Amino acid sequence: MDEGVTRGFPLFPLGIVALPSEGIPLHIFEDRYRKMIDHCLKADAPAGEFGILWLSEEELKQVGCACSIEEVLEQLEDGRMNILVRGTRPFRLLERQDDLPYPAGLVEFLSEDDEPIDPDAGEKARTLYAELVHQATDREMTPAELEEMDSYRMAATVEFEVESKQQLLELRSENERMRLLALLLRAAIKRVELIDRAQTRARSNGKVKFG
């Protein structure tokens, strides 16, 4: 088997897209997924990983994100549980498997394109990210904090549409992700500005206040 290809990898089709570094709370209640999570909890990393794939209205996407279980938040008497997982790395589903008590498949973990980093693309995305954080939280991010953040870490903290997150996940170029992220952040900033203006107008009852 090729290096980077894994058979029997547990799969969790959901209506969401996970990104590397993103923290995601999950409620586990179906028997097959409880068995899957039990398997992951008993295995050592990276064997304890499972993959989240976006199950859209049209299809099951073939590129997903592996996740590791960070914490069991609550274990209920009937076997249901609430867990916190964190995205680790992207993968491609090559083949579904039906020989395990939970959904699984043959997957290939995806590597990044070998390319020189475009500092301009990164700077634009980080500048826009800092602006969005400031608008939404009034927090000023330091240059050191921003420098540590790659495209996934920034995107993981913003509520983007699932289609946009899937686009980011499928890109194998960090430069291309930074460019797409800049477009998404610019649109998010505009939405925040529109919300702020609407709230200001609502507080004024539609009247312009002078002084």
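Guide: What follows is a set of questions about a predicted model, each answered from its values.

Visitor: What is the overall pattern of the chain, and how many helices and strands are there?

Guide: The chain has six helices and six strands, and along the sequence they come in the order β-β-α-β-β-β-β-α-α-α-α-α. Of the contacts with a separation of 6 or more, 67% are between residues 24 or more positions apart.

Visitor: How confident is the predictor in the chain?

Guide: The mean pLDDT is 91, and 90% of the residues reach 70 or more. Over residues 206-211, however, the pLDDT is below 50, and this stretch has three contacts in the model beyond near neighbours in sequence. Where pLDDT is low, the predicted coordinates should not be read in detail.

Visitor: What makes the pair of Lys165 and Val17 a polar contact?

Guide: A polar atom of the Lys165 side chain lies 2.9 Å from the backbone oxygen of Val17, and the cut-off for such a pair is 3.5 Å, so the distance falls within it.

Visitor: How do you know how many disulfides the structure holds?

Guide: The structure holds zero disulfides, since the two sulfur atoms would have to be within 2.5 Å. For Cys65 the closest cysteine sulfur, in Cys67, is 4.8 Å away, which is too far for a bond; for Cys40 the closest cysteine sulfur is also in Cys67, at 9.9 Å, again too far. Cys65 is buried, with a relative accessible area of 0%, and Cys40 is buried at 4%.

Visitor: How do you know that the span of helix H2 agrees with its number of residues?

Guide: Helix H2, residues 119-137, has 19 residues, which at 1.5 Å a residue should span 27 Å, and the end C-alpha atoms are 26 Å apart, so the two agree. At the start of H2, a side-chain oxygen of Asp118 comes within 3.1 Å of the backbone nitrogen of Asp120. Among the buried residues of H2 are Ala125, Leu128, Tyr129 and Leu132.

Visitor: What is remarked on at Asp138 and Ser21?

Guide: Most residues other than glycine have a negative phi. Asp138, which follows H2, has a positive phi of about 70 degrees although it is not a glycine, and Ser21 likewise has a positive value, near 85 degrees. Exposed means over 50%, so Asp138, at 61% relative accessibility, counts as exposed, whereas Ser21, at 26%, counts as partly exposed. Asp138 lies in the loop between H2 and helix H3, while Ser21 lies in the loop between strands S1 and S2.

Visitor: Which residues have the most contacts inside the largest nonpolar core?

Guide: The largest nonpolar core has 50 residues, and those with the most contacts inside it include Phe12, Ile52, Tyr129 and Leu185. The largest share of this core, nine residues, comes from helix H6, residues 174-203. Apart from it lies another core of nine residues, among them Leu11, Ala66, Phe91 and Phe109.

Definitions and conventions: Residues numbered from 1 in each chain as written. Predicted model: local features only at pLDDT ≥ 70, side-chain atom pairs only at ≥ 80, totals over all residues. Heavy atoms only, no water. Polar contact = N/O pair within 3.5 Å; in protein donor to acceptor, adjacent residues only side chain to side chain. Buried < 20%, exposed > 50% of the residue type's maximum accessible area, 1.4 Å probe, protein only. pLDDT = per-residue confidence, 0-100. Contact = heavy atoms within 4.5 Å. Helix = DSSP H or I, 4+ residues; strand = E, 2+ residues; numbered from the N terminus. Expected span 1.5 Å × (residues − 1). Core = buried A, V, L, I, M, F, W, Y, C linked by side-chain atoms within 4.5 Å.
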